[in-house]
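Please open the structure in a viewer and keep the selection tool at hand. The stops below are to be visited in order.

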Amino acid sequence: MKTRRIFLQKASLSALALATPTFNTLSAMTESFTLPTNEPQILRVAIMGLGSYGTRVAEAIQKCTRTKLTGVISGTPSKVEDWKKKYDIPAKNCYNYENFDAVKNNPDIDAIYVITPNALHKDQVIRVAKAGKHAICEKPMAVNAEDGQAMVDACKAAGVQLLIGYRMHFEPNTLEVIRMRKAGEFGDIRFFQGLCGFVIGDPTQWRLDPVLSGGGAMMDIGIYAINGARYMIGEEPVWVTAQETKSNPEKFKEGIDETITFQFGFPSGATASCLSTYYMNYLDKFYLNGSKGWVEMKPSTGYGPIKGETHKGPLNEPIVTHQTVQMDEMAAIIFDGKKPEVPVNGEEGVKDMKIIDAIFKAVKTGEKVSLKLT
């Protein structure tokens, strides 16, 4: 009887298997619920300061795949209203400079991009950090290295990231030059030249107000040559000398530099000679010379397209909207821990501020000023 019972059980199971359609475990799972996807996290950004560059960034974000404009902060109500309509921003995501600390309780915003006059950056970034949001700060990050370090410290204490708006660190032709240098295609680097200049217009703008800007052409465009010398040569300068000239003391008052020429020395023996000016147009050029080759980029830091020639021929990397690439790369840095080829963190910004402080000191003293950035 026992043998017969086992036989009948087996026979019943066999019949059931023949009568029942094939059961695919994975298919059943996918029908009952949606499997998790590996879609990248979107960085939701509020822009603080709705001027011309803030507008440029907002337009660039529209083409981003990992960044979305979800909020605005401005002291001008009419601008807020215009941006609300243009970018479909909810009223609850709109703030002014007095109440934006309330962003702490807004889950629609992950980061705030501070694009205001230089002297306001320190306090605004510290407030952003205290609100628990990541901070992206336009360069220069502050008016001096001390303020820049305070911003770095505040963001670290709050457990948020501080990134500086170094769009050139993601520009394809610039990255190709860095790749070539690292691969030894230029040989031993011996010399860098950076020329940055244009004739500034409206004398009443904040960039010519020493209280708001912290300086003139050096803060605005000289920083490109400073930063460019560092990533093109691949070293940190150890000394700087500098000289200032002014053609119009009325327009360029005390504390606002019109034209500064400055020179760096690097540990390898390489040198750099740079010019920053509000007095001359058509200056946007980097030149790098090595024992085996050279590169000239002109324009080198404008909004594009960046063009360049090397001893091997022209640079032909893709033309991109700098701020679009920058914002998507910053999303990857914040959410994925991506390490960019050239840093864009607060520490990078402080190094540039230390150099600017030293340049201003060299102008005043006429002496060679030592630098220690590492």
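Between which two strands is the loop in which Pro305 is found? Pro305 is found in the loop between strand S12 (294-297) and strand S13 (308-310). Helices (H or I, at least four residues) and strands (E, at least two) are DSSP runs, numbered from the N terminus. The model is predicted, so local features need pLDDT of at least 70 and side-chain atom pairs count only at pLDDT 80 or more, while totals for chains, interfaces and linings use all residues. Residues are numbered from 1 along each chain as its sequence is written, and side-chain values use heavy atoms, with hydrogens and water left out.

**Stop 1: two cis peptide bonds**

Select Gly304 together with Pro305. The peptide bond from Gly304 to Pro305 is cis, with omega near -5°. Now select Lys139 and Pro140, where the peptide bond is also cis, with omega near -10°. Pro140 is found in the loop between S5 and helix H6 (145-158).

**Stop 2: the open sheet**

Colour the strands S3, S2, S1, S4, S5 and S6. In that order, these six strands form an open sheet with parallel pairing; two strands pair if DSSP finds at least two bridges between them. Strand S3 (94-95) and strand S6 (162-164) are the edge strands, each pairing on one side only. Strands of a sheet pair through backbone hydrogen bonds, either parallel or antiparallel.

Next, select strand S4 (residues 111-114). Strand S1 (residues 43-48) runs parallel to S4 and is joined to it by four bridges. Within this pairing, Val45 has Ala111 in S4 as its bridge partner. Strand S5 (residues 134-137) is likewise parallel to S4 and joined to it by four bridges. Here Ile112 stands opposite Ala135 in S5. Continue to S6, which three bridges join to S5 in parallel; the bridge partner of Ile136 in S6 is Leu163.

Show the side chains of S4. Which residues point one way from S4, and which point the other way? Ala111 and Tyr113 point one way, whereas Ile112 and Val114 point the other way. All of these residues are buried, where buried means under 20% relative accessible area, exposed over 50%, and partly exposed in between (1.4 Å probe, protein chains only). In a regular strand the side chains alternate between the two faces of the sheet.

S4, H5 and S5 make a right-handed β-α-β unit. A crossover is right-handed if, with the strands pointing away from the viewer, the path from the first strand over the helix to the second runs clockwise.

**Stop 3: helix H9**

Select residues 217-233, which make up helix H9. Because 17 of the 17 residues of H9 are buried, the helix is largely enclosed by the rest of the structure. After H9 comes Gly234, whose phi is positive, near 80°.

**Stop 4: aromatic rings**

Select Phe192 and Phe286. Their ring centres are 5.1 Å apart and their planes are at 65°, so the pair is edge-to-face. Rings of Phe, Tyr and Trp (its six-membered ring) pair if their centres lie within 6.5 Å; planes under 30 degrees apart count as stacked, over 60 as edge-to-face and the rest as tilted. Phe192 lies in strand S7 (residues 189-197) and Phe286 in strand S11 (residues 283-290), so the pair ties together parts that are 94 residues apart in sequence. Both Phe192 and Phe286 are buried.

Then select Phe198, Phe252 and Tyr278, which form one aromatic cluster.

**Stop 5: two positive phi values**

Select Asp88, in the loop between helix H4 (77-87) and S3. Asp88 is not a glycine, yet its phi is positive, near 55°. Is Asp88 buried or exposed? Asp88 is exposed, with a relative accessible area of 69%.

Finally, select Tyr282, in the loop between strand S10 (271-277) and S11. Tyr282 has a positive phi of about 65° although it is not a glycine, and it is exposed, with a relative accessible area of 77%.

Note on methods: Expected span 1.5 Å × (residues − 1).
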